[in-house]
Amino acid sequence: RYLEEQETVEFGEIHAFVGPDFIVTVRLGKASELGEVRQRMEGDPELLRKGPFAVLYTIMAHVVDDYGPVLEGLENDVDEIEVQVFEGDSGSSPNVSRRMYELSREVIQFHQATQPLAGALLGSLTEDGAHGVDPEVRAYLRDLRDRALRVTERVEGFRELLSNILTVNFTIVGIQQNDQ
């Protein structure tokens with residue numbers, strides 16, 4: 001989740017263990033609250049009848065939905081840094097360089113946290129992983145995998161943009177030092 005006041009990302013984990021007629025989840029850290037997911041599933045008995053992969057889909061869809069505010073917060077932070085760097089003198093300040101470094105670390109951590117989800121979804125869609133999974137749930141999981149891939153692509157874009165901004169910042173600092 002994105003913490004607006006600190007302009008940082010807070011990470012947590014959800015582990016899901018799925019069997020033919022059960023699903024067990026374990027939350028670690030500040031992971032997504034799952035109370036909403038439970039209420040949604042209890043309010044949709046038809047989806048619940050589709051088995052544990054339907055529950056897994058609902059949990060993972062909730063997690064991917066929670067990525068949205070994080071993406072928006074990171075994008076806003078990248079935009080702010082870009083403005084600071086291109087304003088000239090303020091771009092060379094140590095605070096901007098430190099903020100770029102910290103943001104780069106968060107983007108890398110977010111990428112590492114989000115990237116495995118698409119692979120896990122792909123594994124659940126293969127013939128071995130999809131055995132006994134309702135065809136409708138398989139379609140939901142496929143759509144969710146596509147959403148997870150789009151998140152990963154956006155995060156990769158942030159990484160690339162930050163790398164370019166860092167290069168520009170070094171160039172600006174070099175020019176300023178040469179002028180002095």
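**Figure 1. Lining of the largest pocket.** Helix H3 (52-86) contributes the most to the lining of the largest pocket, with eight residues. The model is predicted: local features need pLDDT of at least 70 and side-chain atom pairs count only at pLDDT 80 or more, whereas totals for chains, interfaces and linings use all residues. Residues are numbered from 1 along each chain as its sequence is written, and side-chain values use heavy atoms, with hydrogens and water left out. A pocket is an open set of points on a 1 Å grid over the protein atoms alone, with protein on both sides within 12 Å along at least five of seven lines; lining residues have an atom within 4 Å of a point. Of the 27 lining residues, Gly 12, Glu 13, Ile 14, Val 63 and Tyr 67 lie nearest the centre of the largest pocket. At least two lining residues each come from S3, H3 and helix H4 (94-125); helices (H or I, at least four residues) and strands (E, at least two) are DSSP runs, numbered from the N terminus. The space in this pocket is about 690 Å³, a volume being the space filled by probe spheres set on the points, with grid points joined across faces, edges and corners. By class, the lining has 17 nonpolar, four polar and six charged residues.

**Figure 2. Second largest pocket.** This pocket holds about 200 Å³ of space. Its lining consists of Ile 23, Thr 25, Leu 34, Val 37, Arg 38, Met 41, Glu 42, Leu 48, Val 55 and Ile 59. S4, helix H1 (35-42) and H3 each give two or more residues to this lining, and H1 has the largest share, with four. Seven of the lining residues are nonpolar, one is polar and two are charged.

**Figure 3. Nonpolar surface patch.** Phe 17, Phe 22, Val 24, Val 26 and Leu 28 make up a nonpolar patch with about 410 Å² of accessible area together. Patch residues have over 30% relative accessible area and no salt bridge, and nonpolar side chains are joined within 5 Å; a salt bridge is a side-chain nitrogen of Lys or Arg within 4 Å of a carboxyl oxygen of Asp or Glu. Accessible areas come from the Shrake-Rupley method with a 1.4 Å probe. Strand S4 (residues 22-29) gives the most to the patch, four residues. Phe 17 belongs to strand S3 (residues 12-19).

**Figure 4. Gly 29 in strand S4.** Gly 29 is placed in strand S4 and counts as exposed (over 50% relative accessible area), with a value of 59%. A distance of 30 Å separates the C-alpha atoms of Gly 29 and Val 133, which are 104 residues apart along the chain.

How values were computed: Patches are made of residues with over 30% relative accessible area and no salt bridge: like charges are joined within 9 Å, nonpolar side chains (Val, Leu, Ile, Met, Phe, Trp, Tyr) within 5 Å. Buried means under 20% relative accessible area, exposed over 50%, partly exposed in between (1.4 Å probe, protein chains only). On a 1 Å grid over the protein atoms alone, a cavity is a set of points where a 1.4 Å probe fits but cannot get out, and a pocket is an open set with protein on both sides within 12 Å along at least five of seven lines; lining residues have an atom within 4 Å of a point. Ala, Val, Leu, Ile, Met, Phe, Trp, Tyr, Cys and Pro count as nonpolar, Asp, Glu, Lys and Arg as charged, and the others, Gly among them, as polar.
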